[in-house]
Every structure is written in structure tokens, then in C-alpha cells.
Amino acid sequence: MLRPYRAQWPTVHPSAYVDASAQVIGDVTIGDESSVWMNVVLRGDVHHIRIGRRSAFGGGAVSLTCALSPRLFRKRMAQRSRIWMATV
């Protein structure tokens, strides 16, 4: 599900896949040929999350942001990963 936060909607490339059970909230950009699978949470409420080309988030992965740590992902993320402050 794509949801806005403070009028900021997620942006998803047309070739990307986002499962219906995923929660993608706020300032999140998902690049081309990327995938976001079951029960993933991507919460771009405090800072942005950028998911690069051909990245994959497995079932149950969670990424949150804090004031000084935006997220940029360019690799596959394991299922049930919890990511708070990282550039991967």
C-alpha cells in the first residue's frame, strides 16, 4: 500500500513491483526493476528513502529514517531485515 505522509507520496517506477501487503509511506522512491515484497515497511516520514535500480526487499524487511540519516539502497535486502541508519 502506498500512503502519503505530510502530503508527500511515494514514487514507484512503472517497472517496479510493490506487493499489496507492503507499506510504503512518505518520501520513498523505488527505482526501475526493483521489488518490495510481502509485509515490507518503508517509512520515509522523517527523511527520504531511495531504492536504486534492481534492488529487492524481501518479506518482512523494515526501514525507518531519522532526522540525520536518509537511506539509499542498491542491493538485495534479506528477509526480515531491520535497517535504521545505513547506506547499503
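Predicted model: local features only at pLDDT ≥ 70, side-chain atom pairs only at ≥ 80, totals over all residues.
1. Arg54 sits in the loop between E6 and strand E7 (56-57). Its phi is positive, about 55°, although Arg54 is not a glycine. As background, most residues other than glycine have a negative phi.

2. You will find Asn39 in the loop between strand E5 (35-36) and E6. Asn39 is exposed, and its relative accessible area is 52%.

3. Now for the overall layout. Of the 88 residues in the chain, 42% are buried. Among contacts with a separation of 6 or more, 2% are between residues 24 or more positions apart.

4. How far can you trust each part? The mean pLDDT of the chain is 79, and 72% of the residues reach 70 or more. Among the elements, strand E2 (residues 11-12) has the highest mean pLDDT, 98, while strand E11 (residues 82-83) has the lowest, 50. Over residues 84-88 the pLDDT is below 50, and in the model this stretch has 15 contacts beyond near neighbours in sequence. I would read those contacts with that confidence value in view.

5. Which residues form the largest nonpolar core? There are twelve of them: Ala16, Ala22, Val24, Val28, Ile30, Val36, Val40, Leu42, Ile49, Ile51, Phe57 and Ala61. E4 and strand E6 (41-51) each supply at least two residues of this core. In soluble globular proteins, nonpolar side chains tend to be buried together.

6. Leaving aside neighbours within four places in sequence, Ile30 is in contact with Ala16, Val24, Val36, Leu42 and Ile51, among others. The contact list of Ile30 also includes Thr11, Val12, His13 and Val18.

7. Asp19 deserves a careful look. Asp19 is placed in the loop between strand E3 (17-18) and strand E4 (23-30). This residue is buried yet has no salt bridge, and Arg3, the nearest side chain of opposite charge, is 13 Å away. What does the side chain of Asp19 meet in a polar contact? The partner is the side chain of Tyr17, at 2.7 Å. Not counting residues up to four places away in sequence, Asp19 touches Met1, Val36, Trp37 and Met38. Val36 in turn belongs to the largest nonpolar core.

8. On to the charged pairs, where the count comes to five salt bridges. One of them joins Asp27 and Arg50, whose closest N and O atoms are 3.1 Å apart. Asp27 lies in strand E4 and Arg50 in strand E6, so this pair ties together parts that are 23 residues apart in sequence. Both partners are partly exposed: Asp27 has a relative accessible area of 22%, and Arg50 has one of 28%.

9. A loop-to-loop pair comes next. Glu33 forms a salt bridge with Arg53, with 3.8 Å between the closest N and O atoms. Because Glu33 lies in the loop between E4 and E5 and Arg53 in the loop between E6 and E7, the pair ties together parts that are 20 residues apart in sequence. Glu33 counts as partly exposed at 39% relative accessibility, and Arg53 counts as partly exposed at 48%.

10. Where does Arg54, from the opening point, come back in? Arg54 is linked with Asp32, Glu33 and Arg53 in a network of salt bridges.

11. One more pair to inspect: the side chains of Arg43 and Asp45 meet in a salt bridge of 3.0 Å, N to O. Arg43 is partly exposed, with a relative accessible area of 32%.

Conventions
Residues numbered from 1 in each chain as written. Heavy atoms only, no water. Helix = DSSP H or I, 4+ residues; strand = E, 2+ residues; numbered from the N terminus. Buried < 20%, exposed > 50% of the residue type's maximum accessible area, 1.4 Å probe, protein only. Lys, Arg positive; Asp, Glu negative; His and termini not counted. Salt bridge = Lys/Arg side-chain N within 4 Å of Asp/Glu carboxyl O. Polar contact = N/O pair within 3.5 Å; in protein donor to acceptor, adjacent residues only side chain to side chain. Contact = heavy atoms within 4.5 Å. Core = buried A, V, L, I, M, F, W, Y, C linked by side-chain atoms within 4.5 Å. pLDDT = per-residue confidence, 0-100.
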